[in-house]
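Here are my notes on the A/B interface and the ring pairs. Have the structure open while you read.

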Amino acid sequence: MSETRVNKKSMSLTDYAIRYGFVALLVGLVVYFSVAADGFASPYSAVFIFQSVAITGILALGVTATLVVDGFDLSIGAVATSALMLSAYVMVVMEQSALVAVVACLLMGALVGLINGFLIVQMRVPDLLATLGMMFLLIGLQRIPTEGRSIATGMSLPDGSTAAGSFSPEFLALGRHRFDFFIDNLIPVSVVFLIVIAIGIWLFLEYTRYGRVMYAIGSNQRAASLAGVPVKKYKIIAYMISGVLASVGGILLAARLGRGDIASGNNLLLDSVAAALIGFAVLGAAKPNAFGTAVGALFVGILLQGLTMMNAPYYTQDFVKGGVLVVALMFTFALSNRR
Amino acid sequence: MAGIPIKIRGLEKRFAANRVLRGVDLDIPAGKVTVLMGANGAGKSTLVKIICGLYAADAGQVELNGKPFAPTTPSEALQAGIVTVHQNINDGVVPDLDVASNLMLDWLANPKSAPVLNPRKIRRSAEEIAAKLGLNFDMNMMVSDLTLADRQLVAIARAMAHEPKLMILDEPTSSLSASEAERLFALVDKLREGGVAILYISHRMSDIRRVADRIVSMRDGTIVGQYETEPLDYEGAVNDMLGHTMTDVDITVQKPGEKVLELENVQLKPESKPINLNVHRNEVIAITGLVGVGKTQLTEVLFGQTAAAGGTVRLKGESYTPKSARDAINQGVFLCAKDRGTNGVVQDFDINRNITLPFLSSLSTLGFVRRRAEYRITNEAISKLGIVCQSANDDIGTLSGGNQQKVMVGRWLSHPSDVLILDEPFQGVDIAARRDIGTKLRETAKDRATIVLVAELDEALEIADRILVMAEFTIVGEHKNENVDVDLILEQVSGAAAPQDLQEQKEGAAR
């Protein structure tokens, strides 16, 4: 009996560490950088951090939806770069408006999610393999229309003529416009998107029956199914959410770059998966959650911005990200499994 | 080889507060098939796990050929000549290797074996192993291409290479067809002639009749009956195992209301005999029978997991063929599934979320769950069933088994239904919780038809107005729960009584 009591006491301490360890680390980092790095504690620096994580954060929120149903989506990075190329192609080569480009990208994302879901649910391909296959397919597909070249205004087409279309100003505004917020031209559109989407996904997962049911599927698919949950439908929906959000990320990236650059977006997949997995550790959730994902993305952004301002060389960035991810996963699995 | 290779004396084992084995004494003689019978939770598998080295006993001892024997690992038991063939056939074979490699698996796994494989030598040794049992396999065939029965035979042949003193077969026929099982029995006969002591665990009466030399019944952690004189007393063994003691719960049989559910010539398997059954409002029927006689298949048909092989089901007079659980729930048929750990409880959820999961669409506005409405329902269920907890937000994993089961039953009682099916609702539940659940089910039974599936006769007697007996995927007996002829039920459960004229019984029940 006495043994259990001792256990309980030390458990509550561990619980405390699980719950607030990561948040404490985040606050500690902010304080440290504010003191150590000149100019870290300024609104511009904060906005820069937000902007740097906006696109990966949006993608990470999509992955979170698939993680909730105990799935995984490796194709998000490829969906985002495909959206980047598609929007450029629609505007520059097909000479369509910004609206057409955006709608085409969103439809493409939804379609890819639908196919992913179909492969996983109906064809019973394991999620990692199905979305890995989709990733390769998309990386290849996005190069075919332009024969492997990047898309820019005034580029020469395969048939020798010059592309007549261009990125419309409305589209570019998605990447470049800044809203006034106490200070003129402070908040970029992408940050607004991130905040709105994060709140939306958070509400969806925590407060709607759809989110509730998705968590039930992730925890015990069979029990959920016997409670009358249409498991297949919800899994497909999760992959469609992931696909659509990835295409939103791609649109924002295209609008920021102003060209369909074949080589950009290489890091999107790893960064956003890392953010979603780091999110497991936030507040001791030990499960995928929207709030954790957003904090996870911010955490990486703050760390990199701080290190950069302290003159850490750029090539150490991936190492730092990897380190954070490994520590966060340790937090989540080693500590929370003891409960 | 003759004599008694295995002698078990005073074996005890407890898990926390739960005494699983309470002094087991058992001899397993060579050259005979000893059938071990017992309901779920009687302690059969714990006993087997101690003999084959997975658990250590708390007290008592096992003697192997006169010497004390307490293996600490399964491989130690294997070296000593204790061979176990598990219920799950694929536990015994590696599907992605060929037959020869499977037969030689122990040699391959042995660190002392030669590091380089000689395929020809392996094949020759494998053929020798198979030949000993008179089996003829294509050694190059992948095990994944074999039928389940052949895989089982490969697993047994491999086990036989150890020249076992005791072979334990744990429900070996549970996934085999009748003709496949017959091949297995032929092999068992061969082993018996070879003087191996065989411990055969099974629920299937037809198997037991075919192979048993002696029957041992187990209940609540002790051996309660041993039968070895011909002819074997099968009903006696079943009676021991189910341990019927006149239950002290008093049932006042209710007058059945209007007919809700109607099964007409429903076949659970293409070759099984049809089932005809009417279920009424204000009536609790219990369907009893051994494990594997089709009770769960019946729930699957009624809850939309599988289609019946034949016949029609009508719900409130209209044809009823649910396509999914959702479909069944929408039409007013609820199922509280068995094995709550895998089929019922959502481990990551609290009590509230577990209870309201099936009914979220009626509890939300524009997709947003109405917190107040759902907590009202949950708190109602908590007080109605007496669920012991701090609050509706307790994680389900923190509750005892009985309370978890109450949550599951409370879930399906929280909304009105036309037909409520409960599959083994008393599984892993202590006696107090069992009484609570039973009372609550009867109290609320007025406006619906309630079907409870239980293997233990006692449970049927203390909950039902009407008891049906299933065997071989059909209903073989029907009894009104008043002055029940328990012996007749036991005969029907064990398959001894020829299926009786149900029409006659039905009239008897209606009187």
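This is a predicted model: local features need pLDDT of at least 70, side-chain atom pairs count only at pLDDT 80 or more; totals for chains, interfaces and linings use all residues.

1. Between the two chains, 20 residues of chain A touch 29 residues of chain B. The buried area comes to about 2000 Å², with carbon and sulfur atoms giving 58% of that. On the chain A side, A:R209, A:R212 and A:L226 supply 36% of what chain A buries against chain B, more than any other three residues.

2. Which elements of chain A give two or more residues to the side that touches chain B? They are α7 (189-207), α8 (209-219) and α9 (221-226). The largest share, seven residues, comes from α8(A). By type, that side of chain A divides into eleven nonpolar, five polar and four charged residues.

3. Now the rings: over all chains, the structure holds eleven aromatic pairs. A:F33 and A:F40 make a tilted one, 5.4 Å centre to centre with 45° between the planes. Both of these residues are buried. Ring pairs also tie A:Y32 to A:F33 and A:F40 in a cluster.

4. A:W202 and A:Y207 pair edge-to-face, at 5.5 Å centre to centre and 75° between the planes. A:W202 is partly exposed, at 32% relative accessible area, and A:Y207 is partly exposed as well, at 33%.

Key:
Residues are numbered from 1 along each chain as its sequence is written. Chains are lettered from A and ligands numbered from 1 in the order in which they are written. Side-chain values use heavy atoms; hydrogens and water are left out. Contact means heavy atoms within 4.5 Å. Buried area is the accessible area (1.4 Å probe) that two parts lose on being put together, summed over both. Helices (H or I, at least four residues) and strands (E, at least two) are DSSP runs, numbered from the N terminus. Ala, Val, Leu, Ile, Met, Phe, Trp, Tyr, Cys and Pro count as nonpolar, Asp, Glu, Lys and Arg as charged, and the others, Gly among them, as polar. Rings of Phe, Tyr and Trp (its six-membered ring) pair if their centres lie within 6.5 Å; planes under 30 degrees apart count as stacked, over 60 as edge-to-face and the rest as tilted. Buried means under 20% relative accessible area, exposed over 50%, partly exposed in between (1.4 Å probe, protein chains only).
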